[in-house]
Amino acid sequence: MNTPFYPVGTPGVPWGEAEVAAWRARLVRQRRYADDVLAALAPLRERFDVQTYGELDYDGERFPLQVVRSRGWRDDLPHLVVTGGVHGYETSGVHGALQYLRQHGEETAGRANLLVVPCVSPWAYERIQRWNHGALDPNRNFREGSPAAESAALVALLAPLKGRVLMHIDLHETTDTDESEFRPALAARDGKPFEPGEIQDGFYLVDDADHPQPAFQRAVIDAVARVTHIAEPDANGQINESPLQSPGVIEFPVTRWALCAAITGARFATTTEVYPDSPRTTPAECNLAQVVAVKAAIDYAMAAA
């Protein structure tokens with residue numbers, strides 16, 4: 001199959017500043033972080049501590065980065081971390097985190113500290129994009145000295161909890177635009193040929209190949225399977241080019257790749273992948289799948305603590 005080259009840059013040549021600027025000029029704001037996230041956080045201030053942990057400033061556009069913490073925070077309690085919107089186009093990660101706060105956010109009060117960052121990448125959220133303003137993927141840059149401002153801010157926020165977090169769940173989606181837009185853009189940006197892949201229909205999880213917790217992953221999958229379908233492997237027995245650890249679970253080198261779920265060094269960590277383009281699901285079901293995944297992850301971790 002002949003795949004047309006991505007319409008920015010020169011085939012085989014990595015992007016420079018001019019190409020990044022040309023890519024950015026193609027993007028259009030399609031929604032508002034202030035309307036969808038900041039407004040949704042306002043009523044939660046009555047029940048939680050909502051704080052600004054940083055600010056992005058991209059060409060004069062300012063985005064306050066928000067974290068929600070449970071009231072009555074105690075250092076002697078287990079710490080639970082939920083992150084969403086690392087990739088701005090992965091909508092149910094943002095809205096699932098907010099829905100979890102509204103519906104279940106106080107269920108661990110007095111037993112654990114809950115910290116939720118519902119939208120890590122607000123500039124990308126507004127443009128329904130994977131990358132940040134500088135054409136960097138935040139989810140390959142969660143490390144000290146990160147060149148991605150979104151990643152650096154979250155690393156700094158969570159640094160005091162490093163090694164003391166019981167559970168961290170990072171909420172993502174895999175969409176058809178991964179194959180039609182974002183992977184071709186990645187190949188063009190890096191001056192490499194685009195190699196077509198396959199998107200599997202359904203929900204799956206990503207465990208850390210270096211720190212696997214298979215029983216934890218299975219508990220989350222079993223819970224989510226009651227509200228949406230789990231992805232089946234492709235003809236090679238893989239999902240996203242990775243073999244299955246168990247049904248609906250694959251492994252990446254999450255820590256080595258500086259992915260978000262590894263920031264805290266949590267004992268129990270996972271990355272969700274909802275598939276919103278399936279004809280078998282709806283936006284509300286996708287949000288619910290994220291909520292159920294968070295609840296199951298917390299319940300399992302708390303039982304094992």
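Which strands does helix α5 (residues 149-158) lie across, and at about what angle to β1 does α5 run? In this predicted model, α5 lies across β1, β2, β3 (79-84) and β4 (113-117), and its direction is at about 150° to β1. Helix α2 (residues 33-41) also lies across β1, together with β2 (61-69), and runs at about 30° to β2.

These strands belong to an open sheet of ten strands with mixed pairing. The order across the sheet is β1-β2-β4-β3-β5-β10-β6-β9-β8-β7. At its edges are β1 (49-58) and β7 (238-239), each of which pairs on one side only. Within the sheet, strand β6 (residues 204-208) pairs with strand β10 (residues 268-274) in the antiparallel sense, over three bridges. In this region L205 stands opposite T272 of β10.

The packing of two helices can be followed next. Two packed helices are described by the angle between their axes and the distance between the axes. For helix α3 (residues 91-104) and helix α8 (residues 283-304), the axes come within 8 Å and cross at roughly 60°. The two helices are therefore oblique to each other, and α3 passes α8 in a right-handed crossing. On the α3 side, the contact is made by S92, G93, H95, G96, Q99, Y100, Q103 and H104. The α8 side contributes C286, N287, L288, Q290, V291, V294, K295 and I298. By class, this contact of α3 with α8 has nine polar, six nonpolar and one charged residues.

Note on methods: Residues numbered from 1 in each chain as written. Predicted model: local features only at pLDDT ≥ 70, side-chain atom pairs only at ≥ 80, totals over all residues. Heavy atoms only, no water. Axes fitted to C-alpha atoms, helices over the stretch in contact; angles between N-to-C directions. Helix = DSSP H or I, 4+ residues; strand = E, 2+ residues; numbered from the N terminus. Parallel < 35°, antiparallel > 145°, perpendicular 65-115°, else oblique. Left-handed = near helix turned anticlockwise from the far one by under 90°. Contact = heavy atoms within 4.5 Å. Nonpolar A, V, L, I, M, F, W, Y, C, P; charged D, E, K, R; others polar. Pairing = 2+ DSSP bridges.
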